[in-house]
Amino acid sequence: MLVYKLGEEAAEVLRDGCAFVEDRRSGVSARFGHFVFDEASRELRADGRLVPLSPKAFDLLGLLLRERPRALAKAELRDRLWPDTFVGETSLPRVVGEIRRALGERPDRPSFVRTVQRFGYAFAGAAQDDAAGAVSQRVAGVAAGAESGCALLWGERLVPLAAGENFIGRDPECVLTIPSGLVSRQHARIVVTGDRASLQDLGSKNGTRLGGRRVEGELPLADGDEVRIGPALLVFCAPGAGSTRTRR
């Protein structure tokens, strides 16, 4: 079995090869309106459709959900979103505006994000914690992958791969979305067929590297292979691998 040490606060054991990791870190998972927010997978969905958010907007929405119904002062929000960094007065309202656009609401008629005049912001909508539902969705996602059992490890996040094509890129509809200007919308793909997996660059501007070598054509993937796409270092996990590795 392939084992990774993912950090002091993360789960350490990969179960069933690399098919699933139970995320034991504290994270928000909630339903509100027709939205589902899952901090562990860093996804916001509306009626099952992935809603794109920048990393700061996602973090702010998660913070407001976690602290609801408490109103948070602007200074506290800036300190938690940009620790040890000076940001201008317009940075926080700009991120709030992005969240409101993603949720389809107007500032003068807030359904979820309320402005507290001369103070800060609060989550105002009715939200229901949905941790069990989020875990079941991730398990279902693995099952829907035609039992491929393969996955990509990115930092402390494990992304299951389905049998067939799995696209990686900046596009929110990709199996793995990497929000970076160094990454093309559809940058690369991994094809899983039976017990074999292969990697192909899709003509990206900055290329894809496998073990430090630029990917040309289609290359086979083996357990533990390191794939570099833009700023992201990904590790390919094969099911039922016999090796043991430690990653810090």
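Hi everyone. Before the sheet, one definition: two strands count as paired if DSSP finds at least two bridges between them. Please keep in mind that this is a predicted model.

With that in hand, look at the open sheet, where three strands run in the order 5-7-6 with antiparallel pairing. Which strands sit at the edges? They are strand 5, residues 72-73, and strand 6, residues 113-116, and each of them pairs on one side only.

Helix 1 touches strand 5, strand 6 and strand 7, and its direction makes about 70° with that of strand 7. Helix 3 also packs there, touching strand 6 and strand 7, with its direction at about 145° to that of strand 6.

Let's move to the nonpolar cores. The largest one has 30 residues, and the members that touch the most others are Phe-32, Leu-44, Leu-60 and Leu-61. Several elements supply at least two residues each, including strand 1 (29-32), helix 2 (74-81), helix 3 (91-103) and strand 7 (120-123). Which helix gives the most? That would be helix 1, with seven residues.

Leaving aside residues up to four places away in sequence, Leu-60 touches Leu-77, Leu-81, Leu-92, Val-95, Val-96 and Ile-99.

Finally, there is another core apart from that one, with 23 residues, among them Leu-161, Ile-168, Val-192 and Leu-219.

Terms used
Residues numbered from 1 in each chain as written. Predicted model: local features only at pLDDT ≥ 70, side-chain atom pairs only at ≥ 80, totals over all residues. Heavy atoms only, no water. Core = buried A, V, L, I, M, F, W, Y, C linked by side-chain atoms within 4.5 Å. Buried < 20%, exposed > 50% of the residue type's maximum accessible area, 1.4 Å probe, protein only. Helix = DSSP H or I, 4+ residues; strand = E, 2+ residues; numbered from the N terminus. Contact = heavy atoms within 4.5 Å. Axes fitted to C-alpha atoms, helices over the stretch in contact; angles between N-to-C directions.
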